[in-house]
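Subject: Handing over the model

Hi,

Here is the structure I promised to pass on to you. Please open it next to this email, and my notes follow below.

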Amino acid sequence: MAIVITTCTNRKRQPVAGGLHAGDLGQGELAAVAAEWGERLQSAVLRHPASSIYGGRSFRDSCVAADKAGANLLIVSAGLGLVEATAHVPSYACTVLDGVNDSIAARVTTDFSKADWWEELRRVSPYASSLSDLVGSRNGLILAAMSDGYIEMMLPDFLALPASRLKDLRLFTRAPRDRVPTQLRPYIMPYDDRLDGVASPVRGTRSDFAARALLHFVDNILAANDACSASQHAEAIKATIADWPFPPTFARKRLADNELTALMRKHWADANGSTARLLRMFRDELDIACEQGRFAALARQVRGEFAHG
């Protein structure tokens, strides 16, 4: 049976359990922050099937793809670890993104890396499983729809798989190839911006690109009992999208810092204070250009204004 791996989303369909806002954690070294988070997870009483917690198109498309492929769904959760969609878990607010509400990175006073947090989370979370335990003894493809940040976080898990299982990985991501670890590049499925062109049946936003690519693969490339290699699947994708036009490109507007912060204040509530969501809104909906580091710094300034009334 195939495995589909998708990522958690900031949008939650269930109320966050008491005590499970990462922003409420004390600050300290990584191990101490993780230990406190683990204790809070242990104490959570209200639990739901993991599949019922997350909202948004990306998660929904991943669920549809898993259902169509007859696959088990696994969720890479920044607050719980790697969990099966059927597991009963608490709703929470925790992210590895920097500069947003409930960022775990903001609670850690020493050097922070996503991979180190993931390792600590796997140690302290009562819900976390290892990828090897969940897929190592099964047959079938491993279909993973992930951003580069989650790929970085999961790299040790992928590399811990035996070679006989790693070859079954099919990786769907919008991340530039050079930002994917070398060991995983042979398994990248070559979808590109044509997925958003007029010929694509799964157009959407950049934030849900990976899940849409996965869904297209399941609908159009994957066959029952498919024994194709990663390179054969890649060639089939290239052939399928070869005649698709790229979407038109538009020059995004460039604004001064004061203009950007004014728009951030205007749309702050719409993005629920999430820098990542604001950046996507600025780029995808408002057609405004801004380098990510500059945007994050300005967002921190605006967040401070809201925090101090």
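Is the crossing of α9 and α10 left-handed or right-handed? The crossing of these two helices is right-handed, where right-handed means that the near helix is turned clockwise from the far one by less than a right angle, and left-handed that it is turned anticlockwise.

Before the rest, some housekeeping. This is a predicted model, in which local features need pLDDT of at least 70 and side-chain atom pairs count only at pLDDT 80 or more, while totals for chains, interfaces and linings use all residues. Residues are numbered from 1 along each chain as its sequence is written, and side-chain values use heavy atoms, with hydrogens and water left out. The helix and strand labels are DSSP runs numbered from the N terminus, with helices being H or I of at least four residues and strands E of at least two.

**Helix pairs**

Two packed helices are described by the angle between their axes and the distance between the axes. The axes here are lines fitted to C-alpha atoms, for helices over the stretch in contact, and the angles run from 0 to 180 degrees between N-to-C directions.

Back to the pair from the opening question. Helix α9 covers residues 257–267 and helix α10 covers residues 275–285; their axes come within 11 Å and cross at roughly 110 degrees. α9 and α10 are therefore roughly perpendicular to each other (65 to 115 degrees counts as roughly perpendicular, under 35 as roughly parallel, over 145 as roughly antiparallel, and the rest as oblique). On the α9 side, Leu260, Leu263, Met264 and His267 meet Leu278, Met281 and Phe282 of α10, contact meaning heavy atoms within 4.5 Å. Sorted by class, this contact of α9 with α10 has 6 nonpolar residues, 1 polar and no charged. For the classes, Ala, Val, Leu, Ile, Met, Phe, Trp, Tyr, Cys and Pro count as nonpolar, Asp, Glu, Lys and Arg as charged, and the others, Gly among them, as polar.

α10 also packs with helix α11 (residues 292–307): these axes come within 10 Å and cross at roughly 120 degrees. That makes α10 and α11 oblique to each other, and their crossing is right-handed. From α10, the residues Thr275, Leu278, Leu279, Phe282 and Arg283 meet Gln292, Phe295, Ala296, Ala299 and Arg303 of α11. The contact of α10 with α11 has 6 nonpolar, 2 polar and 2 charged residues.

The axes of α3 and helix α5 (residues 148–159) come within 8 Å and cross at roughly 55 degrees. This pair, too, is oblique, and the crossing is right-handed. Lys114, Ala115, Trp118 and Arg122 of α3 make the contact with Gly149, Glu152, Met153, Met154 and Asp157 of α5. By class, the contact of α3 with α5 has 4 nonpolar, 1 polar and 4 charged residues.

Serine 91 is found in the loop between β5 and α3. With a relative accessible area of 1%, serine 91 is buried (buried means under 20%, exposed over 50% and partly exposed in between, with a 1.4 Å probe and protein chains only). Serine 91 and alanine 17 are 74 residues apart in sequence, yet 5.6 Å apart in space, C-alpha to C-alpha. Leaving aside neighbours within four places in sequence, the contacts of serine 91 include Lys12, Gln14, Ala17 and His48.

Histidine 48 lies in strand β2 (residues 48–49) and counts as buried at 10% relative accessibility. Residues up to four places away in sequence aside, histidine 48 touches Gln14, Ile53, Ala87, His88, Val89 and Ser91.

**Positive phi**

Most residues other than glycine have a negative phi, and most peptide bonds are trans. Aspartate 102, in the loop between β5 (88–89) and α3 (114–124), has a positive phi near 60 degrees and is buried at 18% relative accessible area. Aspartate 287, in the loop between α10 and β9 (288–289), has a positive phi of about 55 degrees and counts as partly exposed at 36%.

**Cysteines**

With a disulfide taken as a pair of cysteine sulfur atoms within 2.5 Å, the count comes to 0 disulfides. For cysteine 63, the nearest cysteine sulfur is that of cysteine 8, 13 Å away. The sulfur of cysteine 94 is 8.2 Å from the closest one, also in cysteine 8, which is too far for a bond.

Best wishes
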